[in-house]
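Please keep the sequence and the 3D view open while reading these points, which concern a predicted model. They begin with the pocket and then turn to the sheet.

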Amino acid sequence: MLTIDNLTKKYLKSDVKAVDGLSLEIENGEIFGFLGPNGAGKSTTIKCLTGILPFSEGDIKLDGVSLLKNPIEVKMNIGYVPDTHDFYERLTGAEYINFMANVYGVNENDRKNRFDKYVSMFRLNDAINDYIKSYSHGMRQKISIIGALIHNPKLWVLDEPLTGLDPQSAFDLKELMKQHCAEGNSVFFSSHVLEVVEKICDRVAIINKGKLVTVCDINELKEKREDLSLEELFLSLTGESQ
């Protein structure tokens, strides 16, 4: 599904590589966790992956299509939930979702079915026609998620998607992630909540100081290292426990 090959990103006026030679492969039908301490390069990697930032070296391919050579084609198959809420606040929730559907060329039938499904699932029926500027943090998070899922992309890129969600909505989103992957798609999931990552991800990558530290299979971790949780592994590899 996704190939990240020697991704390197260095910001102007900095000698430090924010991402340094990162290479990963994410399979079809996989929920892939992406972990690292603050400043490790997670957000930079995600912004390069989604085409927000240019990168210095390497390439990113989705289903064999290069982001460098065919950026629009790649972006049309990605749904991105960022860790910040940047909206047109004078739009209503419904107007924002329809705007996103227009951007991605979603047909009327699919649009209506998904709109009704997600608005009902996240219990936004009573607020969907209110202006986004009146929304709480949790409501904004829900609208961001719906906007990213409305075109049913092959790859969901979720950066701290559970932040601000009530327990039911968090559960529903995790079930959506599993369902999406069961249909042959993939999820690239970044979170600081390691207990959730350990429960729902198939594999995880840990980066630190811009470099890949390890990629591990969650089931193998449970089988072979019964005395070591993902949290303990993460802290031991990143030095966060020191």
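1. The largest pocket of this predicted model holds about 680 Å³ of space. Its lining is made of 25 residues, and those closest to the centre of the pocket are I52, Y80, P82, M100 and Y104.

2. Which elements give two or more residues to this lining? They are helix 1 (42-49), helix 2 (71-75), strand 6 (78-81), helix 3 (93-103) and helix 5 (137-149), and the largest share, 4 residues, comes from helix 3. Sorted by class, the lining residues are 14 nonpolar, 7 polar and 4 charged.

3. Turning to the sheet, one finds that it is open and has 6 strands in the order 6-7-8-3-9-10, with mixed pairing. Strand 6 and strand 10 (211-217) stand at its edges, and because each has a single partner strand, one side of each is left without a neighbour in the sheet. On average, and with direction ignored, neighbouring strands are turned by 15° against each other.

4. At the edge formed by strand 6, this strand runs parallel to strand 7 (residues 155-159), and 4 bridges join the two. Within this part of the sheet, V81 stands opposite L158 of strand 7.

5. Helix 6 (residues 167-182) packs on the sheet, where it touches strand 3 (31-35), strand 7 and strand 8 (186-190), and its direction makes about 145° with that of strand 8. Helix 9 (residues 230-238) also packs on the sheet, touching strand 3, strand 9 (203-208) and strand 10, and the direction of helix 9 makes about 25° with that of strand 9.

Notes:
Residues are numbered from 1 along each chain as its sequence is written. This is a predicted model: local features need pLDDT of at least 70, side-chain atom pairs count only at pLDDT 80 or more; totals for chains, interfaces and linings use all residues. Side-chain values use heavy atoms; hydrogens and water are left out. On a 1 Å grid over the protein atoms alone, a cavity is a set of points where a 1.4 Å probe fits but cannot get out, and a pocket is an open set with protein on both sides within 12 Å along at least five of seven lines; lining residues have an atom within 4 Å of a point. Grid points are joined across faces, edges and corners, and a volume is the space filled by probe spheres set on the points. Ala, Val, Leu, Ile, Met, Phe, Trp, Tyr, Cys and Pro count as nonpolar, Asp, Glu, Lys and Arg as charged, and the others, Gly among them, as polar. Two strands pair if DSSP finds at least two bridges between them. Axes are lines fitted to C-alpha atoms, for helices over the stretch in contact, and angles run from 0 to 180 degrees between N-to-C directions. Contact means heavy atoms within 4.5 Å.
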